[in-house]
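Hello,

Here is the structure I promised to pass on to you. Please have a look at it first, and then read my notes below.

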2 protein chains.
Amino acid sequence: MNVAILGVGTVGSEVANILIENKKLISARSGVKIVPLIGVVRNLNKQRNCKIPLSDDLNSVIDRNDIDVFVELMGGVEQPYRIINRILKKQKAVVTANKALLAYHRYSLQSLAGNTPFGFEASVAGGIPIIKALREGLSANKILKITGIMNGTSNYILTNMAQNGENFDIVLKKAQDLGYAEADPAFDIGGFDAAHKLLILASIAYGVHGNPEDILIEGIENITQEDIYFAKEFEFVIKLLTIAKRIDDENVELRVHPALVPQDKMLANVGGVMNAVSVYGDCVGETLFYGPGAGGKATASAVISDLIDIARGTKSPMLGYKMQNEIHQMKLLPACEIMTKYYLRLKVEDKKGVLAKITNIMSENNISIDSFLQKPKAKEESDVTLFFTTHTSFEKDIQNVIEILNTQSYLKQKVAMIRIEE
Amino acid sequence: MNVAILGVGTVGSEVANILIENKKLISARSGVKIVPLIGVVRNLNKQRNCKIPLSDDLNSVIDRNDIDVFVELMGGVEQPYRIINRILKKQKAVVTANKALLAYHRYSLQSLAGNTPFGFEASVAGGIPIIKALREGLSANKILKITGIMNGTSNYILTNMAQNGENFDIVLKKAQDLGYAEADPAFDIGGFDAAHKLLILASIAYGVHGNPEDILIEGIENITQEDIYFAKEFEFVIKLLTIAKRIDDENVELRVHPALVPQDKMLANVGGVMNAVSVYGDCVGETLFYGPGAGGKATASAVISDLIDIARGTKSPMLGYKMQNEIHQMKLLPACEIMTKYYLRLKVEDKKGVLAKITNIMSENNISIDSFLQKPKAKEESDVTLFFTTHTSFEKDIQNVIEILNTQSYLKQKVAMIRIEE
């Protein structure tokens with residue numbers, strides 16, 4: 001089975017190297033020899049740690065008849081979309097790690113691919129075989145909930161903030177110096193990268209359509225050491241979670257945001273740049289899949305598992321459903337209808353009656369308080385920080401209360417809110 | 001696709017029920033209708049929570065021509081082996097959850113099955129799709145190490161001993177009352193159940209042969225609250241681990257025993273009856289798979305995932321290698337050649353010079369001490385408990401030292417030893 005690698009960067013060069021180094025093992029497991037025949041690059045003069053022939057002529061490689069599978073690792077959205085279209089029309093198999101492409105075009109690629117193999121295990125959570133787990137390993141189950149830590153950059157920052165007491169900006173700088181965060185980190189810390197992955201998993205589990213613009217996405221930029229102080233006091237850990245939740249036969253809730261997770265949950269122990277995905281199924285109960293979410297070799301491991309599946313002739317449906325018409329098409333629940341518990345942090349004037357006013361506003365607007373903490377203040381401070389957690393409430397009610405609180409004269413800062421996931 | 005369920009107990013009845021309840025979903029995912037046509041039971045008069053037709057005539061069900069897949073859930077070793085032989089000779093597919101059967105007969109069943117599907121995802125770690133992960137999800141990797149918590153009974157007992165300070169016998173009784181332990185618990189707490197599962201995983205990862213009798217198996221019967229005291233002091237947790245470790249291209253080490261695991265490892269957080277398997281691959285690094293290791297519905301989830309794979313025509317090789325001759329057959333490392341770190345607990349007379357004598361015996365026999373703790377003793381006690389951990393040592397050296405120490409007159413109890421896994 002001859003393979004062309006389109007894009008020979010960190011991941012692409014590892015795909016070629018592993019196919020060569022683990023050749024015997026891979027051919028024993030797949031039943032055929034998988035040969036990385038050629039790589040396509042933009043710049044032939046750039047030094048690469050990779051021993052396969054390279055070309056900068058993408059079009060002529062795509063037109064070659066001796067290639068059985070094309071591995072797309074170029075990045076971007078529209079260019080790879082056009083290229084994969086061309087390849088699939090020739091009924092040649094495709095493997096990609098491109099989550100942004102799939103976040104937008106997965107359904108049209110599915111219908112174009114038809115019975116032509118199209119693998120994308122590497123697009124979600126790097127080396128963790130979570131797509132295979134959802135599509136095959138847990139295929140007997142109605143998936144009730146998927147809760148993931150799927151952005152290594154954010155998890156590294158939150159883990160360090162909690163362990164070393166450093167502020168967000170300091171830790172972000174450290175992550176950038178270590179190569180764990182991009183120069184422009186917005187895509188990772190803003191939750192968008194995780195949202196792309198969530199949409200892919202949700203398509204497999206629920207067949208639900210939707211683009212990143214359609215779902216609730218919040219990043220970790222506003223998490224402070226005060227939030228971490230509260231989390232520790234109340235035995236929580238703060239994590240950037242991706243959540244897909246089946247509400248009923250009709251509706252699925254998708255969201256990405258920082259959340260307070262109880263310390264004794266397996267997810268709470270996922271530290272540093274590692275990823276994990278917890279999946280609840282109606283038969284199996286809770287399962288969890290943990291591993292490296294990025295890195296050349298770990299991602300290449302997933303790309304090659306797709307190649308081996310193709311060599312073996314594996315034919316599980318791309319997005320989990322072969323007979324779409326038999327499944328009720330599930331809908332995205334509007335964000336305002338989400339129900340969960342909330343944590344609120346308020347910085348207010350230290351004045352008599354303020355607490356009563358705040359709790360009145362809450363109770364008048366359908367928010368009921370579950371716990372309350374007032375942080376001991378330093379002598380010189382005139383403000384005081386109040387922490388609340390609520391019972392399960394509607395997102396629209398909490399947003400309404402926050403809006404009202406933000407207009408009160410005794411408020412010294414906008415209300416900070418984090419959702420609680422138990 | 002018509003299915004016969006041989007053995008309609010806790011798991012078998014759930015297989016039938018889920019195939020009926022999740023019918024739409026399962027047929028959408030597999031592309032065919034999977035119908036539980038008939039169940040075979042010993043006693044037709046027994047009340048069962050299951051709505052499929054039942055028969056007590058095993059032979060005539062096996063001879064039916066309208067059955068496509070036989071699900072073996074009868075238990076035992078030799079009887080199901082004979083029955084599965086008959087079924088495979090007719091080239092009918094088989095799915096089983098029977099780990100004891102596979103611990104002894106997996107290679108002969110593999111050669112008998114040939115290209116006939118033979119699924120056994122449910123035989124290891126219940127609902128966790130770990131066989132699929134090893135065989136397909138991580139198929140690009142040389143597997144360097146597999147470390148599992150794969151016996152729920154033992155994990156429940158160890159978790160409770162650590163959390164509640166109760167002794168082994170008390171917690172075992174509690175586990176039996178709750179149905180987490182059998183009336184005769186030896187198979188679970190002695191490590192034999194975990195060893196069966198380990199042999200199955202090792203066959204997939206390494207193609208290594210061997211029966212339970214060939215590997216090191218120790219149970220948790222001798223763990224005391226003193227061991228747990230030490231573990232807490234030194235930030236360890238005690239777990240019953242199953243370990244498969246690639247030593248080099250030739251040798252694999254397999255062992256089951258209680259072990260001290262650092263508290264900050266993901267495996268250390270696997271509590272109660274839950275299972276988890278950590279897999280290190282040369283490309284992917286560390287991954288971990290967590291979930292329920294037993295229970296009717298969770299195990300049925302794995303059985304049905306095999307049925308769906310068969311319906312989809314999935315053809316990954318039964319034990320991981322299609323072209324056996326291309327892979328160097330790996331060998332089992334003799335137990336005496338195992339190298340790891342050790343913890344020793346010694347109860348000795350509180351007399352001058354005893355510690356020096358003990359450390360002399362160790363150093364003269366190639367055991368070098370890494371840490372030492374003497375537990376403060378109550379006034380009325382004349383004995384004192386000493387705890388040691390060693391640097392990495394050979395199993396044969398530690399066994400030799402233990403033998404020597406056990407003959408010393410100042411020793412008040414046989415030496416307790418637990419291996420350390422970092």
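**Two helices side by side**

In chain B, helix α4 (residues 78–89) packs against helix α5 (residues 99–113) at an angle of about 15 degrees, their axes lying 11 Å apart. Axes here are lines fitted to C-alpha atoms, for helices over the stretch in contact, and angles run from 0 to 180 degrees between N-to-C directions. Helices and strands are DSSP runs (H or I, at least four residues, for helices; E, at least two, for strands), numbered from the N terminus. α4(B) and α5(B) are therefore roughly parallel to each other (angles under 35 degrees count as roughly parallel, over 145 as roughly antiparallel, 65 to 115 as roughly perpendicular and the rest as oblique). Contact means heavy atoms within 4.5 Å, and on the α4(B) side the residues that meet α5(B) include Tyr81(B), Ile84(B) and Leu88(B). Among their counterparts in α5(B) are Leu101(B), His105(B) and Leu109(B).

**Before you read on**

This is a predicted model, in which local features need pLDDT of at least 70 and side-chain atom pairs count only at pLDDT 80 or more, while totals for chains, interfaces and linings use all residues. Residues are numbered from 1 along each chain as its sequence is written, chains are lettered from A and ligands numbered from 1 in the order in which they are written, and side-chain values use heavy atoms, with hydrogens and water left out.

**The two copies**

**The open sheet of chain A**

Six strands of chain A make an open sheet with parallel pairing, in the order β3-β2-β1-β4-β5-β6. Strands pair if DSSP finds at least two bridges between them. β3 (54–55) and β6 (118–119) of chain A are at the edges with a single partner strand each, so one side of each has no neighbour in the sheet. Helix α4 (residues 78–89) of chain A packs on this sheet, where it touches β1, β4 (69–72), β5 (93–96) and β6 of chain A, and its direction makes about 155 degrees with that of β5(A). Helix α12 (residues 296–312) of chain A lies across β1, β4, β5 and β6 of chain A, at about 160 degrees to β5(A).

Within the sheet, β1 (residues 2–6) and β2 (residues 35–40) of chain A run parallel and are joined by five bridges. Ile5(A) stands opposite Gly39(A) in β2(A).

Thr299(A) is part of α12 of chain A and is buried, with a relative accessible area of 8% (buried means under 20%, exposed over 50%, partly exposed in between, with a 1.4 Å probe and protein chains only). Beyond its neighbours within four places in sequence, Thr299(A) contacts Val11(A), Ala97(A), Ala122(A), Gly126(A) and Ala294(A).

**Enclosed elements of chain B**

Five of the five residues of strand β18 (residues 416–420) of chain B are buried, so β18(B) is largely enclosed by the rest of the structure. Ala416(B), Ile418(B) and Ile420(B) point one way, Met417(B) and Arg419(B) the other. β18(B) pairs with β14 (residues 339–349) of chain B in the antiparallel sense over five bridges, and Arg345(B) stands opposite Ala416(B).

Best wishes
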